[in-house]
Amino acid sequence: MSLLEVTGLSKSFSSGRDLLGRRNRWTYAVRDVSFTIDRGECLAVVGESGAGKSTVGRMVLRLIEPDTGTITFDGVDVRSLKGGQLRRLRQRMQMIFQDPYSSLDPRMRVADAVAEPLVVHSTMDAAARDRRVAELLDTVGLGSRYLARYPAELSGGQLQRVAIARALALNPSLIVCDEPVAALDVSVRAQVLNLLKDLQEEFGLAYLFVCHDLALVEVIADSVLVMAAGQVVERGGVEQIFRTPSQEYTKRLLAATPVPIPRHAARGHAGAPHPGATGV
Ligand SMILES: Nc1ncnc2c1ncn2[C@@H]1O[C@H](COP(=O)(O)OP(=O)(O)OP(=O)(O)O)[C@@H](O)[C@H]1O
Ligand SMILES: [Mg+2]
């Protein structure tokens, strides 16, 4: 059984109103999308802007309610969950957003931002929580001197590391990453990407990795789901999609990408962050 099984997922949004203000036009953002993600697998979702990638990611976490379809996470029917059950499930499915500036509260110190999920969802006492927060910062390559800082005092790459530490706090098995490095300086993208890849290996994490940069996809993904206009065009292993794409759309998407980073080569250059590293 896969960790995540999605079948027939659809969502339409209204795109117009009649003279009386009633919604009268509906367009599909996502149409009949099905896929699975195994434990520890990174599935990249690629496609042009507006293809429906973010909508799929958000529906998996039920941040957007699907119109139709089923979502099964670790054998649990996600769409049937309510209130507390859904909150408990969300501990095991986390999300990392594109813009780390807007995903962190500017008035919260790093230590408090990372501790927040533990305060809300765990029964840890304050001392255990402090230890866990320090450990999490270490895991993402930030030293303890960042604990008392505010988001405005950190770089984009450091902020995204804090967001990753927060997402890891409750030991999730799946993280939905929506363009997690797109807002970062090109020079730090590879470092944050390598951190995500190291965490995947260390904790057996599965990722639903929304990304339009195919060079990055080739580095991090195990498999690829290609979407266009809300629908799945093709799905395959990362090697197969890059070497022998079967669909014209995928071939065009690949042709539009500049020189790809050879798989794994980026790791050696950027150097994976290690405990105690200052981050980026
Ligand atoms: N809340 C909404 N209301 C109306 N239309 C929406 C809403 N959210 C998304 N859409 C539409 O659904 C389609 C898919 O959007 P989505 O954000 O999922 O695309 P995407 O593949 O993530 O694109 P990008 O690469 O630009 O982030 C788009 O046409 C978009 O305009
Ligand atoms: Mg998007």
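I began with the helix pair α6 and α7 (residues 186-203), which pack at an angle of about 15° with their axes 10 Å apart. Axes here are lines fitted to C-alpha atoms, for helices over the stretch in contact, and angles run from 0 to 180 degrees between N-to-C directions. α6 and α7 are therefore roughly parallel to each other (angles under 35 degrees count as roughly parallel, over 145 as roughly antiparallel, 65 to 115 as roughly perpendicular and the rest as oblique). I noted the crossing of α6 past α7 as right-handed; a crossing is right-handed if the near helix is turned clockwise from the far one by less than a right angle, and left-handed if anticlockwise. From α6, the contact takes G157, Q160, R161, I164 and L168, and from α7 it takes V188, Q191, V192, L195, L196, L199 and F203 (contact means heavy atoms within 4.5 Å). Those residues divide into eight nonpolar, three polar and one charged. For the record, Ala, Val, Leu, Ile, Met, Phe, Trp, Tyr, Cys and Pro count as nonpolar, Asp, Glu, Lys and Arg as charged, and the others, Gly among them, as polar.

A note on what I am looking at: this is a predicted model, where local features need pLDDT of at least 70 and side-chain atom pairs count only at pLDDT 80 or more, while totals for chains, interfaces and linings use all residues. Residues are numbered from 1 along each chain as its sequence is written, chains are lettered from A and ligands numbered from 1 in the order in which they are written, and side-chain values use heavy atoms, with hydrogens and water left out. Helices (H or I, at least four residues) and strands (E, at least two) are DSSP runs, numbered from the N terminus.

**The other partner of α6**

Next I looked up α4, which packs with α6 (residues 156-168) at about 25°, the axes being 7 Å apart. That makes α4 roughly parallel to α6, and I logged this crossing as right-handed. V110, A113, V114, E116 and P117 of α4 meet V162, A165 and R166 of α6. Here I have six nonpolar, no polar and two charged residues.

**Two sheets**

I then followed an open sheet of six strands, ordered β6-β7-β8-β3-β9-β10 with mixed pairing (two strands pair if DSSP finds at least two bridges between them). β6 and β10 are its edge strands, each pairing on one side only. β6 and β7 (residues 174-178) run parallel and are joined by four bridges, with I175 in β7 as the bridge partner of Q94. I found α2 lying across β6 and β7, at about 65° to β6.

The other open sheet has four strands, β2-β1-β4-β5, paired antiparallel. β2 (23-37) and β5 (76-77) stand at its edges with a single partner strand each, so one side of each has no neighbour in the sheet. β1 (residues 4-17) pairs with β4 over five bridges, and T7 stands opposite T70 in β4.

**Two positive phi values**

Which residue in the loop between α1 (53-60) and β4 did I mark? I marked R62, where phi is near 60°, positive in a residue other than glycine. R62 is buried, at 14% relative accessible area (buried means under 20%, exposed over 50%, partly exposed in between, with a 1.4 Å probe and protein chains only). A229, in the loop between β9 (223-228) and β10 (231-237), has a positive phi near 45°. A229 is exposed, at 65% relative accessible area.
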